[in-house]
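Q: Can we go through this model together? I'd like to start with the charged pairs, then move on to helices and strands.

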Amino acid sequence: MSLKTNICHLSSCMLPLWTGGNSKRMGFLFIETFSSSSSSGSIMSSSKELLIFVCSLAVVLGQYPRITEGRVNIPPGKSVPAVIVFGDSIMDTGNNNNLNSAVKCNFPPYGENFPGKVPTGRFGNGKVPSDFIAQELGIKEFVPAYADTSLKPEDLSTGVCFASGGTGYDPQTPELVAVISLSEQLNMFKEYIGKLKANFGEQRTSFILANGLFLVVAGSDDIANTYFTIGIRKAEYDVPAYTDLMVNSATSFLQDLYALGARRFGVFSAPPIGCVPSQRTLGGGIQRQCAEEYNDAAKLFNSKLSSNMQSLNTKLPDSRMVYIDVYTPLLDVILHPAKYGFKMAEKGCCGTGALEVAILCNKLSPTCENPADHVFWDSYHPTEQAYRVLIPPVLQKYVNQFF
């Protein structure tokens, strides 16, 4: 077998290891450079050694995480080594899959537009915000669930997701649906830190924690489910008092993360929850208008959360706590869908679009012809296309505040 044949054979096994544009070009570079010299007797005689070296190099490089091309510019000399995620179903990438809970989605038609049509446990038809943010920052294409048993050390070093669909700032919220509370997510994070130290050492772990981006997304289920739909808190709290409970819990959670080494935080506001399809159905009357009482509660919570985060920034040295307003841009998409290329905002793509979510959106549920025409996938969660419209400009707006 000639050297040219050997190298071409080798490159075919290298390319899957070296993904991405630069890696692929490197693979072809070996082919072009060495095959053009195949007539050299000295190279022919050392081909075996060359192959061993290149294979060894490929194995070493294969140990490093996949890096994507970032689209968001960060300040020179700064880096974001990891995206670490907490919260609810907006961010959950599969942590609920093995829970004894009805709040899960690791079955079709969820994942319909995910690579390979895999229902990973993401509450949507494809990518979720954490995936887009990690990709925009050039870290990796997908943020894996911490509960994924196939995680490798390199997956840990670039960030994981602890979020659990159905959870909230109110401790009662996850208990109602048997999902992972924020306090449990914090314990999982402590375990994660131990794994980082075991695999990468104290110094690298401290760097990842101090420079990684910590995303926190919760509050929707507190307002929509625990307070309004189920109503178990109404007898004890009015809306101002309940939003105080939520904000105090959020503040404590951020302080706990800070105490464990986190410094850069992106905390999403509550969305216009009264305008998602299921809440229109449950609280919007016969015309399915936006449930303004729900939206008013979300806006009150958001104002208090923003204020508390500003206060934390002054109290906690080196902290970068960034309040991220998603209420305003999402409401604009919902109220003016055509402006953003959508045809439907009042109903989801799955089933009737009015109530189906989680186990009610299943393989027996018909789906719309083109999910990209819809703002919402099911009756509660936006489509991948909605996230694609929303997340990059939101990240671009706030990215410099993390440094």
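A: A term to settle before the pairs: a salt bridge here is a side-chain nitrogen of Lys or Arg within 4 Å of a carboxyl oxygen of Asp or Glu. The model is predicted.

Q: How many salt bridges by this rule?
A: The count comes to twelve.

Q: Where do Lys127 and Glu141 sit in the chain?
A: Lys127 is in the loop between β1 (83-87) and α5 (129-136), and Glu141 is in the loop between α5 and α6 (153-157). The two are 14 residues apart, and the pair links distant parts of the chain.

Q: Are Lys127 and Glu141 buried or exposed?
A: Both Lys127 and Glu141 are buried.

Q: What about Asp296, which Lys does it pair with?
A: Asp296 forms a salt bridge with Lys299, with the closest N and O atoms 3.7 Å apart. They are three residues apart in helix α12, so about one helical turn separates them. Asp296 is partly exposed at 44% relative accessible area, and Lys299 is partly exposed at 41%.

Q: And which residues are joined into one network?
A: Asp170, Arg233 and Glu236 are, through salt bridges that share partners. Within it, the side chains of Arg233 and Glu236 meet at 3.5 Å, N to O. Arg233 has 11% relative accessibility and counts as buried, whereas Glu236 has 54% and counts as exposed.

Q: Switching to helix α9. Why call it largely enclosed?
A: Because eight of the ten residues of α9 (220-229) are buried. Among them are Ile223, Tyr227 and Phe228, along with Asp221 and Asp222.

Q: What do the buried residues of α9 pack against?
A: They pack against α7 (172-177), α10 (239-259), α11 (277-283) and α12 (292-315).

Q: What comes just after α9?
A: Gly231 does, with a positive phi of about 80°. Ile232 is found in the loop between α9 and α10. With 36% relative accessibility, Ile232 counts as partly exposed.

Q: Which patch is Ile232 part of?
A: A nonpolar surface patch of about 230 Å², made by Leu176, Ile230 and Ile232.

Q: Last topic, the strands. How does β3 meet β4?
A: Strand β3 (264-268) runs parallel to β4, and five bridges join them. One of the pairings is Val267 with its bridge partner Tyr323 in β4.

Q: And why is β4 described as largely enclosed?
A: Four of the five residues of β4 (320-324) are buried, so the rest of the structure largely encloses it.

Technical notes
Residues numbered from 1 in each chain as written. Predicted model: local features only at pLDDT ≥ 70, side-chain atom pairs only at ≥ 80, totals over all residues. Heavy atoms only, no water. Buried < 20%, exposed > 50% of the residue type's maximum accessible area, 1.4 Å probe, protein only. Contact = heavy atoms within 4.5 Å. Pairing = 2+ DSSP bridges. Patch = residues over 30% accessible without salt bridge, like charges linked within 9 Å, V, L, I, M, F, W, Y side chains within 5 Å. Areas by Shrake-Rupley, 256 points an atom, 1.4 Å probe, with all protein chains shown as cover.
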